[in-house]
Amino acid sequence: LGILKNPLIQAIALGGAALLIRSIFERCGIAFRLTEVKPIYSVLTSLSAVATPLSLITLGAQFEFSAVPTLKKQILWTVFARSFMIPFIALATAYAIGRYNGAHFAAFLAAYVTPVAVSSVPMAQEMDADAALAGQLVVWSTIVSGFTLFAATLILKILGVF
């Protein structure tokens, strides 16, 4: 019941319902896109452009260096796994399979080398989990991902993927 009351889960469900309604309209010959409704599309585009930076600024304002010593082990292990182990395993496996091109690897980079999602903090708060740890993971994985994303792209370029 707690999961169903989570606003992020509800937003995902509403998005799925909107896609379902759109597909029903398209089957009936009524095709429309949000880009056709210029005022709404313009507002949503502006909001989407500011959402992540604003979330990071808000999270940065709440960030406390004093929490690092108590959470150091969890932060180090999770950032290492998220920033190095998982990307290495995923990209090495995809490279070994060999059926993927540069566009696929760009998607793999976006999925595996990017930092922990900012939305994990409110999700942790809503689920009564460790929101302080979630915030620390977002901040530290964001810092580290700048280096790992560059390194992964460089390595893939050297290997001839890009």
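Buried means under 20% relative accessible area, exposed means over 50%, and partly exposed lies in between (1.4 Å probe, protein chains only). This is a predicted model, in which local features need pLDDT of at least 70, side-chain atom pairs count only at pLDDT 80 or more, and totals for chains, interfaces and linings use all residues. Residues are numbered from 1 along each chain as its sequence is written, and side-chain values use heavy atoms, with hydrogens and water left out.

**View 1. Gly135 in helix H7.** Gly135 belongs to helix H7, residues 131–158. Helices here are DSSP runs (H or I, at least four residues), numbered from the N terminus. Gly135 counts as buried because its relative accessibility is 7%. Beyond its neighbours within four places in sequence, Gly135 is in contact with Leu59 and Val121. Contact means heavy atoms within 4.5 Å. Phe65 is 70 residues from Gly135 in sequence, and 11 Å away in space, C-alpha to C-alpha.

**View 2. Ser83 in helix H4.** Ser83 sits in helix H4. With a relative accessible area of 5%, Ser83 is buried. Residues up to four places away in sequence aside, Ser83 touches Ser141, Val144 and Thr148.

**View 3. The largest pocket.** This pocket holds about 310 Å³ of space. Its lining has 14 residues, and Pro87, Phe88, Leu91, Ala152 and Ile155 are the closest to its centre. Helix H4 (68–97) and H7 are the elements that give two or more residues to the lining. H4 gives the most, with seven residues. A pocket is an open set of points on a 1 Å grid over the protein atoms alone, where a 1.4 Å probe fits, with protein on both sides within 12 Å along at least five of seven lines; lining residues have an atom within 4 Å of a point.

**View 4. The Arg22–Glu26 salt bridge.** Arg22 forms a salt bridge with Glu26, and their closest N and O atoms are 3.5 Å apart. The term means a side-chain nitrogen of Lys or Arg within 4 Å of a carboxyl oxygen of Asp or Glu. By this rule the count is one. Both residues lie in helix H2 (residues 7–27), four residues apart, about one turn of the helix. Arg22 is partly exposed, at 30% relative accessibility. Glu26 is also partly exposed, at 35%.

**View 5. Val43 in helix H3.** Val43 has its place in helix H3, residues 38–62. Its relative accessible area is 48%, so Val43 is partly exposed.

Conventions. Grid points are joined across faces, edges and corners, and a volume is the space filled by probe spheres set on the points.
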